[in-house]
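Biologist: I would like to learn how to read a protein model. Could we go through one feature by feature?

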Amino acid sequence: MKLKVLVLVCLGIVALILPSWGTAKAEKPRWISHEIMIDGPALFYAVQEDIRYELWSVQCSQPLRGCVARAPGVALRLDRELQPWLMAVAGPRARVSLQQRNFTQDMPGLFATPLAPDTLRHLSRPDSFVVIEEGGQVVSRTRTEGVRQVVSYLRWVNGATARTLRDARLWPGESTLDPARMTPEVLERYEVMQRRRKEGQRQLVPSTKPQIEFAIQAQGGSSYYSATGQAGY
């Protein structure tokens, strides 16, 4: 009887302890957030359990122009085609690798070519680091989490839309621009921009038969219209 009672007590203690173990081991959600200034400078950071981990800072040589992102030991810029390049100081014999948790992968051409979408995806994962080693010693180890969001922001802030609206804080991220966030002056510029885009799109497509005929004949093509005047191929 005493043994049975002792077993029941032990089971009760284990039942009380196990839930707390599960809670302690469960990984808390982690997300990327940002702070953006009106003229382009920004800070990207990870948030987990109310703790903020700074990742990337963006600085601009002029308002909404020449914006470059930096993390300790590396920099991120866009070329004229808006392709992202990762830059770092590394000797010709340095080993460059991507570390994710306990695994490493050599990345010898990481600083020599634009970052491919697949490379961006790997660099953006939580607990991803770019490691530079020289002579068997680690020279730098940089967390690259959030780099995809930073590339998206750089493309936005260095683009025509941000310069027209003159407010980098309107960066929509993965969604579309929200006019509800705009001040009256910015909203007016936005509406003008939208009207000009629609007018430009209408001018690209001939809307009447003479215009279509002229465009086709100018390119040495056959008429779209039959002898009876009906459209058809």
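Modeller: We will take the sheet, the nonpolar core, the disulfide and the aromatic pairs in turn. Keep in mind that this is a predicted model.

Biologist: Let us begin with the sheet. In what order do the four strands of the open sheet lie?

Modeller: The general idea comes before the case. Strands of a sheet pair through backbone hydrogen bonds, and the pairing is either parallel or antiparallel. Here the order is β8-β7-β9-β10, with antiparallel pairing. β8 (103–106) and β10 (137–143) each have a single partner strand, so one side of each has no neighbour in the sheet. From one strand to the next, the twist averages 25 degrees.

Biologist: How many bridges join β9 to β10, and how many join β7 to β9?

Modeller: Strand β9 (residues 128–134) is joined to β10 by six bridges. Strand β7 (residues 95–100) is also joined to β9 by six bridges. You can follow the pairing residue by residue. Isoleucine 132 has serine 140 in β10 as its bridge partner, and phenylalanine 129 has arginine 143 in β10.

Biologist: What lies between β9 and β10 in their hairpin?

Modeller: Two residues lie between the strands of that hairpin, and glycine 135 takes a positive phi near 60 degrees.

Biologist: Why is β9 described as largely enclosed by the rest of the structure?

Modeller: Buried means under 20% relative accessible area. Six of the seven residues of β9 are buried, so the rest of the structure largely encloses this strand.

Biologist: Next, the core. Which residues have the most contacts inside the largest nonpolar core?

Modeller: In soluble globular proteins, nonpolar side chains tend to be buried together. The largest nonpolar core here has 43 residues, and those with the most contacts inside it are Trp56, Leu76, Tyr153, Leu154, Trp156 and Leu165. Helix α3 (residues 147–157) gives the most to this core, with seven residues. Leaving out residues up to four places away in sequence, leucine 165 touches Trp156, Leu170, Leu177, Met182, Val186, Arg189, Tyr190 and Met193.

Biologist: Which cysteines does the disulfide join?

Modeller: A disulfide is a covalent bond between the sulfur atoms of two cysteines. The count here is one disulfide. It joins cysteine 60 to cysteine 67, with an S to S distance of 2.1 Å. The torsion about the S-S bond of cysteine 60 and cysteine 67 is about 100 degrees, so the disulfide is right-handed.

Biologist: Is cysteine 67 buried or exposed?

Modeller: Cysteine 67 is buried, at a relative accessible area of 4%.

Biologist: Last, the rings. How many aromatic pairs does the structure hold?

Modeller: The structure holds three aromatic pairs. Phenylalanine 44 and tryptophan 171 form one that is edge-to-face, at 5.9 Å centre to centre and 70 degrees between the planes. Phenylalanine 44 lies in strand β2 (residues 42–48) and tryptophan 171 in the loop between α4 (160–165) and α5 (184–204), so the pair ties together parts 127 residues apart in sequence. Phenylalanine 44 is buried, with a relative accessible area of 1%, and tryptophan 171 is buried, with 9%.

Biologist: Which residues do the ring pairs link into a cluster?

Modeller: Ring pairs link Phe44, Tyr153 and Trp171. Tyr153 is also among the residues with the most contacts inside the largest nonpolar core.

Methods
Residues numbered from 1 in each chain as written. Predicted model: local features only at pLDDT ≥ 70, side-chain atom pairs only at ≥ 80, totals over all residues. Heavy atoms only, no water. Pairing = 2+ DSSP bridges. Axes fitted to C-alpha atoms, helices over the stretch in contact; angles between N-to-C directions. Core = buried A, V, L, I, M, F, W, Y, C linked by side-chain atoms within 4.5 Å. Buried < 20%, exposed > 50% of the residue type's maximum accessible area, 1.4 Å probe, protein only. Contact = heavy atoms within 4.5 Å. Disulfide = S-S within 2.5 Å. Phe/Tyr/Trp six-rings, centres within 6.5 Å; stacked < 30°, edge-to-face > 60°.
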